[in-house]
Amino acid sequence: MSQPVSPVRHVLIEGNKTYHNISEDLCSPTEKAPSKEWIIAFTLSSALLGLYTFAVIWTIWKGIGEWGANRTINWAWDITNFVWWIGIGHAGTLISAILLLFRQRWRTGVNRAAEAMTIFAVMCAGQFPLIHMGRLWLAFFIFPFPNTRGPLWVNFNSPLLWDVFAISTYFSVSLLFWYTGLVPDLATVRDRAVGFRKKMYEKFSFGWTGSAKHWQRWESLSLILAGISTPLVLSVHTIVSFDFATSVIPGWHTTIFPPYFVAGAIFSGFAMVQTLMVITRKVLKLEDYITINHIDSMNKVIVLTGTIVGVAYLTELFIAWYSGYIYEQFAFYNRVFGVYWWSYFGMMFCNVVSPQLFWSRKIRRSIWWTFFLSIVVNIGMWFERFVIIATTLARDYLPSSWSYYSPTWVEISLFTGTIGLFFTLFLIFTRVAPVVAIAEVKAILKVAGDQFIGPNAKKAHEHASQSSEKQEKH
Amino acid sequence: MAAASKKVLYGLYNDEEDLKSAVKSARKSHLDIMDVLTPFPVHGLDPILGLSESRLHILGFIYGAIGATFGFGFMSWALARDWPTMFGGKPYWPVPSFIPITFEMTVLFAAWGMTITFYTICGMWPGAQATILDNRITDDKFCIAFDVTNSEEKDVSGLQAFFSKTGAAEVNLKTI
């Protein structure tokens, strides 16, 4: 064994796998005809995608007046959905980048799918600021380029412009990181394929051979991309929170927003990873690679970030009271007990109370509890963004303009439609590329496979003695 | 392409530990290894093989520095020189406001620059034709390849002896 293995390390690959088994198990979903479950899921999600397309065309054709948003509550479901989706994206980068820097081996089982999820979630998020502009054909105005306006440049002081840069950088860097990681695995698929599929994968695997020098550069590139993606992911949600925090609206104008948003993003992202992984491991039969230990580790992250978010909610309330500033106090009183009280309590229950169940090891390691609570957390995090946006705007400085907001069918279709977009992309991904990083799982086999550590450790001794015999022969 | 075809003698090993000890003994007997191909990054292989550390990260730093300079410089030029604009009574050259975009441009340039460099120096691009010695190298075989185009019979049999001595599971000759 090349690396020392601690006896307390978890088994991360079950079923006494060989390297060949790993290729076989992880490539086979892309090689077989789609299962019945996949076809049903794909039909449903593409139907939702169709609904989304219809709602977008409706919005652009008829105008933003088709939404429930009004002059008081001018950011409504659109920005709520935007922040929600962008937050979901953050878990992928956290798993692939931050856990790589921390050398957490369990990331290998879920990183590929989580990164894909990041890219698809950012794509969903990016839809909302665009359609929210109303006149989509003027969207190019957000980019700084010499133009007929003078050239009058964009306002580089504005957090909304920082968002343009942050999100487009985040999307493109995530895409590079994900695809570069995928190239060796696409080469594995290529070398197993025949005919037309082989031709396609030859194109997509960029001529990867597995040369030692290429691996060395590949690892160097992955490490640096992880290193720069880590502050990048923190900056993205920080800048999203600046959209609110740099305004002068009581309830938004708080310095706690950046860390609070980042923790919330990781929290909701992990919940979405759990939702997806629990289904994916079952449908694609990947239980040996995405084990209960993986689920357990992710649930620990959920309970940590959920608690951070809870502390942030309470800190906000305390600071509002402690500030002695009546507008701030009113904003928070209104947030908790105002017209949208139900969304505040929904948020508190889903985000702060429910994840506390994960302190129990039994619940952390239960598939059903994990699935159920991950949905609850996703709902809770959506409520959080709704609470921040709608409750704050509904009761502004002028009582004469106080208002209430409820969504129209167009906004509901846009939101559920992006869920369709997300799942359609994810389902296509599971068909064309290995969902688990093949090469990275092989690289940890000897330190995390169940024939080497854990209750089956006896085999490890056998293996060790076999290889030492071999070496003696040499 | 004008390059003549190469004759390659390669051995396949079943385990990365076998591969590493084989590479060690090949280096000891001064055999000229053409390439070592593995299904995953084998840690500890680079020093045995005598590969120097990749300098990609130095380039990453340079690309990042270019991005930072470009981003900051462009914003300063646009808002303070080309069309001086006063936003909310703030100075024409609001340096703190430039930090987020400067940071994003640093990351953007570093990531794209490094990735493009990586693919270029590895000779990889969409649709590049890989010279595949064996389909199982991306699956579970660890390969050492020797270029024997201009080798004499004696050297080739010496290499074959090396493969059988170091426990290669298969030895093949292929023209690529």
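Guide: With a term: domain bounds come from an automatic or database domain assignment. The model here is predicted. For chain B the assignment gives domain 1, made of 7-51 + 128-175, and domain 2, covering 56-121.

Visitor: How far apart do the C-alpha centres of domain 1 and domain 2 of chain B lie?

Guide: They are 45 Å apart.

Visitor: What pLDDT do the two chains average?

Guide: Where pLDDT is low, the predicted coordinates should not be read in detail. Chain B averages 87, and 98% of its residues score at least 70. Chain A averages 87, with 94% of its residues at 70 or above. In chain A, residues 464-474 have a pLDDT below 50, and beyond near neighbours in sequence this stretch makes 7 contacts in the model. For the model, the scores are ipTM 0.92 and pTM 0.90.

Visitor: How many helices and strands does chain A have?

Guide: The count for chain A is 16 helices and 0 strands. Its radius of gyration is 24 Å, close to the 23 Å that the globule rule gives for 474 residues, so chain A is as compact as a globular protein of that length. Along the principal axes, the C-alpha atoms of chain A fill a box of roughly 90 × 50 × 45 Å.

Visitor: How many residues of chain B are in contact with chain A?

Guide: The contact involves 59 residues of chain B and 54 residues of chain A. On chain B, at least two residues each come from helix 1 (16-28), strand 2 (35-37), helix 2 (45-49), helix 3 and helix 4 (95-121). Helix 4 of chain B gives the most, 15 residues. By class, the side of chain B that touches chain A has 35 nonpolar, 17 polar and 7 charged residues.

Visitor: How is a pair of packed helices described?

Guide: By the angle between their axes and the distance between the axes.

How values were computed: Residues are numbered from 1 along each chain as its sequence is written. Chains are lettered from A and ligands numbered from 1 in the order in which they are written. This is a predicted model: local features need pLDDT of at least 70, side-chain atom pairs count only at pLDDT 80 or more; totals for chains, interfaces and linings use all residues. pLDDT is the predictor's confidence in each residue, from 0 to 100. Two residues are in contact if their C-beta atoms, placed from the backbone, lie within 7 Å. Helices (H or I, at least four residues) and strands (E, at least two) are DSSP runs, numbered from the N terminus. Ala, Val, Leu, Ile, Met, Phe, Trp, Tyr, Cys and Pro count as nonpolar, Asp, Glu, Lys and Arg as charged, and the others, Gly among them, as polar. The radius of gyration is taken over C-alpha atoms; the globule rule is 2.2 Å times the number of residues to the power 0.38.
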